[in-house]
Amino acid sequence: MADRVHPSHSPSVSADSQPPSPQDSPVVPKPPSPPSPEKPVPPPGTYVIKIPKDQVYRVPPPENARRYDQYARRKHRRSRCCCCFCWLIGILFILVVLLAIAAGVLYLVFRPEAPKYSIENITVRGINLTSPSSVAAISPEFNVTVKADNPNDKIGIRYLKDSSAEVFYKDARLCNGALPAFYQPSNNVTVFGTALRGDGIELRSEDRRALLEAQTKRRVPLTVRIRAPVKIKVGSIRTWKITVKVNCDVTVNELTAQAKIVSKRCTYDVDLW
């Protein structure tokens, strides 16, 4: 039988060499955990709304179907009105462009020029400013000779009825009458006379004195106003009725049948409608 070998005596283990027990180990504080990051805060006035996908409707729910139908009808009506308005604006624009082109072509073809008017002669009767009565009524008669010059090559002018001619001293109308109706061809100068009469015209005392003083100075200012409806004739085409307005400032040396024109200046305007 083999001999049993016993281990040699081992040194005793001191208390200092023994590992410390968990109860005896000092407690080491854990470092503080970093604060959890806060959720981002949306800026003021901004809201994020999450809607479940099963609640997103492609068609309105039954309780809003009527409201949706009304909105759809109004939208369709507005779109149709807008379309009609756009069509109307487009048609009007095309008409304006066509009219402008036609007017430009007519101007280039006919080269229209404005007619010219002037007062050639005035004779006066029936004005007696030396009457002893300062408020006596007068009944003047004026014979006015007018010259109308149509310088156009291819345009004629037809003077219609319902014209008017008046003679004023300042704001006081002395007489009135009408022009003759006639046709004036192209490149034509027409001289015509018209008789104007006033009946029972009462002048204010200051107008009577001013008129007497002007006659003494042999410079009596008068105003002749003519309104003549005409139609322009271009070839076989006639325009609508146009009103020609002529205003002439005429100065005569006296208010008699032998009156002579000292100065004159005429302007004219046209009413197309």
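Let me start with Thr216, which is exposed, at a relative accessible area of 61%. This threonine belongs to helix α2, residues 205–216. Asn253 is 37 residues away from Thr216 along the chain, and the C-alpha atoms of the two are 8.8 Å apart. Please keep in mind that this is a predicted model.

Next, the aromatic rings. There are three aromatic pairs in the structure. Take Tyr159 and Phe182: their ring centres are 4.6 Å apart and their planes meet at 20 degrees, so this pair is stacked. The cut-off used here is that planes under 30 degrees apart count as stacked. The two residues come from distant parts of the chain, 23 residues apart, with Tyr159 in strand β3 (residues 155–159) and Phe182 in strand β6 (residues 182–184).

Are these two residues buried or exposed? Tyr159 has 5% relative accessibility and counts as buried. Phe182 has 18% and also counts as buried, because the limit is under 20%. Together with Phe192, Tyr159 and Phe182 make up one aromatic cluster.

One more ring deserves a mention, that of Phe168. The charged end of Arg225 sits over it, 4.4 Å from the ring centre.

Now the nonpolar core. The largest one has 41 residues. Which residues have the most contacts inside it? They are Phe142, Leu222 and Leu255. If we set aside neighbours within four places in sequence, Phe142 touches a list of residues that includes Ile122, Val124, Ile127, Val167, Leu174 and Ala195. Leu222 is on that list of contacts too, and so is Cys175. Cys175 is buried, at 1% relative accessibility.

That brings me to the cysteines. How many disulfides does the structure hold? One. The disulfide connects Cys248 and Cys266, with an S to S distance of 2.0 Å. The link is right-handed, with 115 degrees about the S-S bond. It ties together distant parts of the chain: Cys248 lies in strand β10 (residues 242–252) and Cys266 in strand β11 (residues 261–271), 18 residues apart.

Cys248 is buried, with a relative accessible area of 1%, whereas Cys266 is partly exposed, at 25%.

Note on methods: Residues are numbered from 1 along each chain as its sequence is written. This is a predicted model: local features need pLDDT of at least 70, side-chain atom pairs count only at pLDDT 80 or more; totals for chains, interfaces and linings use all residues. Side-chain values use heavy atoms; hydrogens and water are left out. Rings of Phe, Tyr and Trp (its six-membered ring) pair if their centres lie within 6.5 Å; planes under 30 degrees apart count as stacked, over 60 as edge-to-face and the rest as tilted. Helices (H or I, at least four residues) and strands (E, at least two) are DSSP runs, numbered from the N terminus. Buried means under 20% relative accessible area, exposed over 50%, partly exposed in between (1.4 Å probe, protein chains only). A charge sits over a ring if NZ of Lys or CZ of Arg is within 6 Å of the ring centre and within 35 degrees of the ring normal. A nonpolar core is a set of buried Ala, Val, Leu, Ile, Met, Phe, Trp, Tyr and Cys residues joined through side-chain atoms within 4.5 Å. Contact means heavy atoms within 4.5 Å. A disulfide is a pair of cysteine sulfur atoms within 2.5 Å.
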